[in-house]
Amino acid sequence: MQAFDSARTAVDRTTHATERGDDPPSYFGIGPEWTCVEPAVRMARLSGEGPHLSPERPCLSFGVVDGTAMLWDRTTREPLKLRASQVRLTPAASGTSRCTAAAADDS
């Protein structure tokens with residue numbers, strides 16, 4: 001039960017920091033970071049799972065695993081998984097900052 005409580009505490013700390021846009025604590029050895037996500041392909045061709053990407057706001061990045069960028073959208077409170085070869089990931093100042101890179105053209 002103690003392991004479950006520890007995991008729940010870690011999730012709660014990370015979730016609360018994310019909701020505020022603060023830097024989240026490490027999560028079982030993973031150091032999530034606020035990241036601007038710029039499509040390298042047209043938005044209509046962007047492959048992934050989760051909510052629609054909003055390039056103007058940062059996501060929380062948990063890194064790239066097997067060619068997939070593992071992200072968390074703080075606005076929708078949902079995971080977002082995108083093909084890493086289709087996006088550019090750059091550090092964001094915070095979860096409340098605005099990303100300035102232009103989105104790929106939808107035409």
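The model is predicted, so local features need pLDDT of at least 70 and side-chain atom pairs count only at pLDDT 80 or more, while totals for chains, interfaces and linings use all residues. Residues are numbered from 1 along each chain as its sequence is written, and side-chain values use heavy atoms, with hydrogens and water left out.

The protein chain holds one helix and six strands. Helices (H or I, at least four residues) and strands (E, at least two) are DSSP runs, numbered from the N terminus. Along the sequence the pattern is α-β-β-β-β-β-β. The protein chain has 107 residues, and 32% of them are buried. Buried means under 20% relative accessible area, exposed means over 50%, and partly exposed lies in between (1.4 Å probe, protein chains only).

The six strands form an open sheet. Their order is S2-S5-S4-S3-S1-S6, and the pairing is antiparallel. Two strands pair if DSSP finds at least two bridges between them. Strands of a sheet pair through backbone hydrogen bonds, either parallel or antiparallel. Strand S2 (48–49) and strand S6 (87–91) are the edge strands, each pairing on one side only.

Strand S1 covers residues 33–39 and pairs with S6 in the antiparallel sense over five bridges. Strand S3 (residues 59–65) also runs antiparallel to S1, and three bridges join the two. Thr35 has bridge partners in both neighbors. In S6 the partner of Thr35 is Pro91; in S3 the partner is Cys59. Glu38 has Arg88 as its bridge partner in S6. Five of the seven residues of S1 are buried, so this strand is largely enclosed by the rest of the structure.

The largest nonpolar core has ten residues: Val37, Met43, Leu46, Leu53, Cys59, Ala69, Leu71, Leu80, Leu82 and Val87. Strand S4 (68–73) and strand S5 (78–83) each supply at least two residues of this core. Another core lies apart from it and has five residues, among them Trp34, Cys36, Leu60 and Cys99. A nonpolar core is a set of buried Ala, Val, Leu, Ile, Met, Phe, Trp, Tyr and Cys residues joined through side-chain atoms within 4.5 Å.

A search of the whole structure finds one disulfide, defined as a pair of cysteine sulfur atoms within 2.5 Å. The disulfide joins Cys36 to Cys99, with an S to S distance of 2.1 Å. Cys36 lies in strand S1 and Cys99 in the segment after S6, so the pair ties together parts that are 63 residues apart in sequence. The torsion about the S-S bond of Cys36 and Cys99 is about -90°, so the disulfide is left-handed. Cys36 counts as buried at 13% relative accessibility, and Cys99 counts as buried at 6%.

Cys59 is buried too, at 2% relative accessibility. The closest cysteine sulfur to that of Cys59 is in Cys99, at 7.8 Å, which is too far for a bond. Trp72 lies in strand S4. With a relative accessible area of 27%, Trp72 is partly exposed. Trp72 and Cys59 are 13 residues apart in sequence, and their C-alpha atoms are 5.5 Å apart in space.

Most residues other than glycine have a negative phi. Asp66, in the loop between S3 and S4, has a positive phi near 50°. Asp66 is exposed, with a relative accessible area of 80%. Arg77 is placed in the loop between S4 and S5. Its phi is positive, at about 60°, although Arg77 is not a glycine. Arg77 counts as exposed at 53% relative accessibility.
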